[in-house]
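Please examine the model displayed here before reading the account that accompanies it.

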Amino acid sequence: MSKLDEKVAAYVAEAKKLKLDLDENLIASVTKGLGPSIYKADAETVAASDKAELDRLKKNFLVNKLGLKDDAKLDAAINEVIEAMGKSNKNKYRALVYALLVKKFKKESVYK
């Protein structure tokens with residue numbers, strides 16, 4: 001099993017544990033799209049309390065990658081995803097956060 005496969009398996013297990021309704025193929029595609037950052041502990045998770053990081057997530061992922069318009073809906077969606085993963089959950093894996101946002105905005109075609 002490759003390191004990527006191990007990460008995907010861990011994220012799928014975490015999604016099931018948190019009862020997130022995510023497709024395994026979407027998790028795998030998003031994880032692969034993140035590249036080597038998933039192997040760095042500090043980059044693997046999203047710091048939900050760090051406003052600068054959430055702004056980067058919005059700008060770099062939602063606006064630039066998914067092509068969404070920067071408005072209040074994006075902030076609301078980010079907060080909704082963080083709530084779904086559990087505010088106190090320290091393991092807000094970037095791959096799962098991104099996959100939930102992709103699903104929320106129906107942008108799965110970006111990862112086909």
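This is a predicted model: local features need pLDDT of at least 70, side-chain atom pairs count only at pLDDT 80 or more; totals for chains, interfaces and linings use all residues.

Residues are numbered from 1 along each chain as its sequence is written, and side-chain values use heavy atoms, with hydrogens and water left out.

The largest nonpolar core comprises 34 residues. Such a core is a set of buried Ala, Val, Leu, Ile, Met, Phe, Trp, Tyr and Cys residues joined through side-chain atoms within 4.5 Å; buried denotes under 20% relative accessible area, exposed over 50%, and partly exposed in between, for a 1.4 Å probe and protein chains only. Two or more residues each are given to this core by helix 1, helix 2 (24-34), helix 4 (51-65), helix 5 (72-85) and helix 6 (94-104). Helices are DSSP runs of H or I with at least four residues, numbered from the N terminus. Helix 6 supplies the largest share, 8 residues. Among the residues with the most contacts inside the core is L101. Leaving aside residues up to four places away in sequence, L101 touches L57, F61, L62, A77, I78 and V81, where contact means heavy atoms within 4.5 Å.

Helix 5 has 14 residues and reaches 20 Å from its first C-alpha to its last, close to the 20 Å expected at 1.5 Å a residue; the expected span is 1.5 Å times one less than the number of residues. Its buried residues are L74, A77, I78, V81, I82 and M85. These lie on the same side of helix 5 because they cover an arc of only 135° around the axis, the arc being that of the directions from the helix axis to the C-beta atoms. The buried residues of helix 5 pack against helix 4 and helix 6, while the face turned away from the buried side carries the exposed residues A72 and K73. Just after helix 5, G86 takes a positive phi of about 95°.

Two further residues deserve attention. A15, in helix 1 (residues 3-17), counts as buried at 3% relative accessibility. Beyond four places in sequence, A15 touches L20, I27 and L96. E53 lies in helix 4 and is also buried, with a relative accessible area of 10%. Contacts of E53 beyond four places in sequence are T45, V46, A47 and R94.
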